[in-house]
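Subject: Structure handover

Dear colleague,

Please find the structure below, followed by notes on what was found in it. Please read the notes with the structure open.

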Amino acid sequence: MADTKNLLLLFEHPTEPVFMDKGKKVTVFDVPDSYLTDRYRPISNEVQSRVGEKVEQRVPVREISIPDLRIPMSLGREEQFSLFIPKHRRIAARLIDIFVNMRSVDDLQSVAVYARDRVNPVMFNYALSVALLHRPDTQGLDLPSFAQSFPDRFVDSQVFRELREESFVVQPGSRMPIVIPRDYTASDLEPEHRLWYFREDLGVNLHHWHWHLVYPFEASDRSIVDKDRRGELFYYMHEQVMARYNMERFSNNLARTQPFNNLREPIAEGYFPKMDSLVSSRAWPPRFDNTRLGDLNREQDQINLEVADLERWRDRIYEAIHQGFVMDERGQRVELDEARGIDILGNILESSILSPNRTLYGDLHNFGHVFISYSHDTNNKHLESFGVIGDSSTAMRDPAFYRWHAYIDRIFQEHKTRLPAYTDTQLNYSGISITGVQVASNGTQPNVLTTFWQQSDMDLSRGFDFTPRGNVFARFTHLTHLPFTYTINVNNDGGAQRFGYVRIFMAPKNDERGQPMLLREQRLMMVELDKFVVSLNPGPNTIRRRSTESSVTIPFERTFRNLDANRPAAGSAEELEFNFCGCGWPNHMLIAKGLPEGLRCDLFVMVSNYENDRIDQQLVGRCSDAASYCGVRDRLYPDRQSMGYPFDRLPRTGADRLVNFLTPNMSIVDVSIRHENRVANRQA
C-alpha cells in the first residue's frame with residue numbers, strides 16, 4: 001500500500017512537472033509514460049532520468065483507469081482560481097469528489113499524480129487538501145502550509161529575484177535569509193497603510209485560507225460541507241476578525257471601519273498589492289482610489305450579474321430577518337429562532353450547498369468579493385483577472401475586505417439585536433463569584449501587556465520552482481507580544497466541587513473620540529482571548545492560565561510549520577498531537593498592537609456553569625486547539641452557548657455599561673496595551 005505521507009510531496013513545487021524530484025530526502029514518483037503530458041511523453045526516458053543519481057527514494061505509481069477529468073481540466077492551468085466564483089467552486093467540487101471517492105490510497109495517489117500536471121495548480125492544492133482532511137484513511141496527515149507551496153501570495157514580488165540569485169549562486173549550507181521589506185505596499189500618505197502589519201500578516205492570511213479548507217462550500221458528499229454550526233462559525237470567525245481589526249485601528253488612531261453599505265458609492269480605499277502570481281505569470285491587479293462597482297459580464301467565468309442583484313438579495317435577507325423566518329425551496333417557513341437562526345443566516349450569506357434557498361437569497365457574501373475584485377475590469381475588456389480580495393489566501397490584505405465584512409456583520413447583527421437579552425438567570429452561576437483578576441508578563445508591572453516587532457524566518461523552498469534545491473529563507477517582520485499569564489481568584493460557596501467554563505474577552509474602554517463606550521457598542525469590539533474548563537473546589541480557588549494556551553490561537557510553529565523539523569517519532573501519541581489541523585488564529589496576533597502610551601482596555605472574565613454549556617464528546621487528538629474560531633474536526637462545537645456569549649446579544653435593560661452588566665460570576669479589570677517600537681529576532 002502507498003505511504004500516505006508521499007501524497008504530501010505532491011504539494012511541493014506546484015508548477016514543476018510531477019516527475020521532478022521533491023522533498024528533503026530526494027524523492028521521485030515513477031510516473032507511467034501514459035500519465036505524462038503530451039510535451040514529455042515522447043522524451044520520457046530522457047526527462048525521468050535527469051535526477052537519477054541523486055535519488056534517495058522512488059515512489060511507484062500504479063497505472064489505473066483515470067476518472068473523467070474534463071470538468072476539473074476546464075479551468076486553465078494559468079488562470080487564477082477563486083473560491084468565490086461559483087464556476088470555480090463547482091469545478092473544484094468535482095475534483096474533490098474524485099479524490100474523496102478513490103477506493104484506496106494507492107488509487108488516490110495515481111489519480112493525483114495524473115491530475116497534477118493537467119489541472120490548475122492552486123485548485124489542485126485546494127481540492128487535494130480538502131480531500132486529505134476528509135478521507136478517513138488520510139485524516140492524520142499534517143498538511144504543509146499553503147505559504148510554502150505558493151509563497152508568491154504572501155511575499156513582495158521583488159524579493160523573488162533576490163531569492164533566485166541566492167539559491168542559484170550560493171550552496172544550501174551558506175544561504176542567507178532574504179529580508180522582506182516592511183511597508184512595501186504604500187506610503188504614510190495613505191492612512192489605511194498604518195494597518196499593513198495586520199492585513200499583510202502571513203499568519204492572518206493563512207488562517208483565512210485554512211478556515212476555508214476546513215469549511216468548504218461545495219461537494220457532492222454533503223457531510224464534507226455540513227459540519228456542526230458551520231454557518232454560525234462563518235459569522236463568528238469573521239465578526240471576531242472585525243473586532244480585532246477595529247481594535248488595531250484604535251491602536252493606530254483611526255476610527256472604526258465604515259461598512260460598505262451603499263453599493264453604488266465609490267470605494268475610497270485603493271490597494272496596490274505589489275505581488276506577482278507565479279501560476280498566472282501576471283501581477284495581481286490593483287484597485288485605484290474611488291473605484292465604483294459595475295455590473296459584471298465575464299463570460300469566461302460564467303458571471304453575468306448586476307449590482308442590483310446584490311441589492312435584491314440583501315433586501316430579501318433583511319425581510320426574512322424582520323419576519324423571523326426564511327422560505328426554503330419548497331415554500332416552507334424555516335424559523336430564525338434563538339438556537340438555529342444565526343446558523344441558517346450564515347449558510348445563506350456565505351451561500352453554500354446548505355443554503356435553504358439559493359434562488360431566493362442568492363450568494364451575497366461571495367459575490368461581494370467577486371464584484372469588488374473585478375471592479376477594475378468588469379467586462380474582461382482588458383483581460384485582467386480578479387484582485388486580491390477575490391482569493392481567500394490574499395483577501396485580507398485589501399482594506400475593502402474589512403469594509404465589506406463590516407457590512408456583512410451588520411446584517412448578522414440585525415438578527416442578533418432582535419433576540420431577547422440574556423437574563424440574570426442565564427448569565428449568573430449561583431454560588432460562584434470572581435474575587436480578583438490579574439494579568440501579567442514575567443518581570444513587568446501587572447495589567448500591562450507589551451507588544452513589539454519580531455523578525456522570523458520561513459523556508460520557501462517547497463514553492464520555489466525551477467531553481468536549485470535546498471532551503472531558501474525569507475525573513476519577515478511581524479507583530480508579537482510578551483507572553484502573559486491570567487490569575488483568576490474564584491470563590492465556590494457551595495459544599496461540593498463544581499465545574500466552570502472560563503470565558504475571557506477584551507475590548508477598548510473608549511471610542512475613537514476618547515469617550516467611554518456604551519455596552520451596545522463595546523460588545524461588538526469584544527475580542528475573545530480564551531475559553532477553558534476548570535474544576536472549582538469548595539472555598540477559594542486560584543486559576544492560572546498562560547496566554548500560549550489560548551483556545552483561539554495556534555502556536556507560531558504551526559502557523560509556519562516546517563513539517564520535517566521537530567516531528568515526534570512516527571506512531572507516537574505526541575505525533576497525534578503534532579498532527580493538528582493548522583486552523584487557528586496566529587498566536588503572535590493574539591492581542592492588538594496598542595499605543596506607545598498604552599491603549600486602555602477592559603479585560604472581562606466570566607465563569608459560566610459548565611453543566612449548561614458542556615458538549616459530551618471525546619476530543620483527544622482531534623485538533624481542538626483553536627476550537628473557538630475553527631470548531632473541532634469531525635466533532636460538535638465544544639460549547640452549547642451561542643458563539644460570542646455573553647456579548648452576542650444586546651444587554652438587558654439597565655446594563656448600558658459593562659460595569660452594570662456584571663453578575664457575581666463575572667469581573668473586569670483595567671488593562672493597558674503598550675507598544676514598544678523595537679525589532680527583536682526570533683529565538684529558534
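Rings of Phe, Tyr and Trp (for Trp, the six-membered ring) are taken as a pair if their centres lie within 6.5 Å; planes under 30 degrees apart count as stacked, over 60 as edge-to-face and the rest as tilted. One aromatic cluster is formed by Trp-211, Tyr-215, Phe-234, Tyr-235, Tyr-236 and Phe-412.

The model is predicted, so local features need pLDDT of at least 70 and side-chain atom pairs count only at pLDDT 80 or more, while totals for chains, interfaces and linings use all residues. Residues are numbered from 1 along each chain as its sequence is written, and side-chain values use heavy atoms, with hydrogens and water left out.

Aromatic pairs

Searching the whole structure gives 29 aromatic pairs. In one of them, Phe-99 and Phe-124, the ring centres are 6.0 Å apart and the planes are at 85°, so this pair is edge-to-face. Phe-99 belongs to helix α3 (residues 86-101) and Phe-124 to helix α5 (residues 121-134), so the pair ties together parts 25 residues apart in sequence. Helices (H or I, at least four residues) and strands (E, at least two) are DSSP runs, numbered from the N terminus. Both Phe-99 and Phe-124 are buried, where buried means under 20% relative accessible area, exposed over 50% and partly exposed in between (1.4 Å probe, protein chains only).

For Tyr-245 and Tyr-402, the ring centres are 3.7 Å apart with the planes at 15°, so this pair is stacked. Tyr-245 is in helix α11 and Tyr-402 in helix α16, so the pair ties together parts 157 residues apart in sequence. Tyr-245 and Tyr-402 are both buried.

Helix α16

Helix α16 (residues 399-416) has 18 residues and should span 26 Å at 1.5 Å a residue, which agrees with the 26 Å between its end C-alpha atoms; the expected span is 1.5 Å times one less than the number of residues. Of the 18 residues in α16, 16 are buried. At the start of this helix, a side-chain oxygen of Asp-398 comes to within 2.8 Å of the backbone nitrogen of Ala-400. An unreviewed UniProt entry lists residues 398-409 as "domain: Tyrosinase copper-binding"; such annotations may be inferred rather than shown by experiment. Residues 398-409 are 92% helix and 0% strand.

Nonpolar core

A nonpolar core is a set of buried Ala, Val, Leu, Ile, Met, Phe, Trp, Tyr and Cys residues joined through side-chain atoms within 4.5 Å. The largest one has 198 residues, of which Phe-99, Ile-488, Met-506 and Leu-603 touch the most other members. Helix α11 (residues 230-250) supplies the largest share of this core, eleven residues. Beyond four places in sequence, the contacts (heavy atoms within 4.5 Å) of Ile-488 include Ile-434, Val-502, Asn-541 and Val-605.

Helix α4

Helix α4 (residues 105-116) has twelve residues and reaches 16 Å from its first C-alpha to its last, close to the 16 Å expected. Twelve of its twelve residues are buried, including Asp-106, Asp-107 and Arg-116. Among the elements that cover the buried residues of α4 are α1 (5-9), β1 (27-30), β2 (57-60), α3 and α5.

Thr-185

Thr-185 is in the loop between β3 (178-179) and α8 (196-199) and is buried, with a relative accessible area of 6%. Thr-185 lies 8.0 Å from Tyr-271, C-alpha to C-alpha, although 86 residues separate the two in sequence.

Regards

How values were computed
A polar contact is a pair of N or O atoms within 3.5 Å; within protein, one must be able to donate a hydrogen and the other to accept it, and residues adjacent in sequence count only if both atoms are side-chain atoms.
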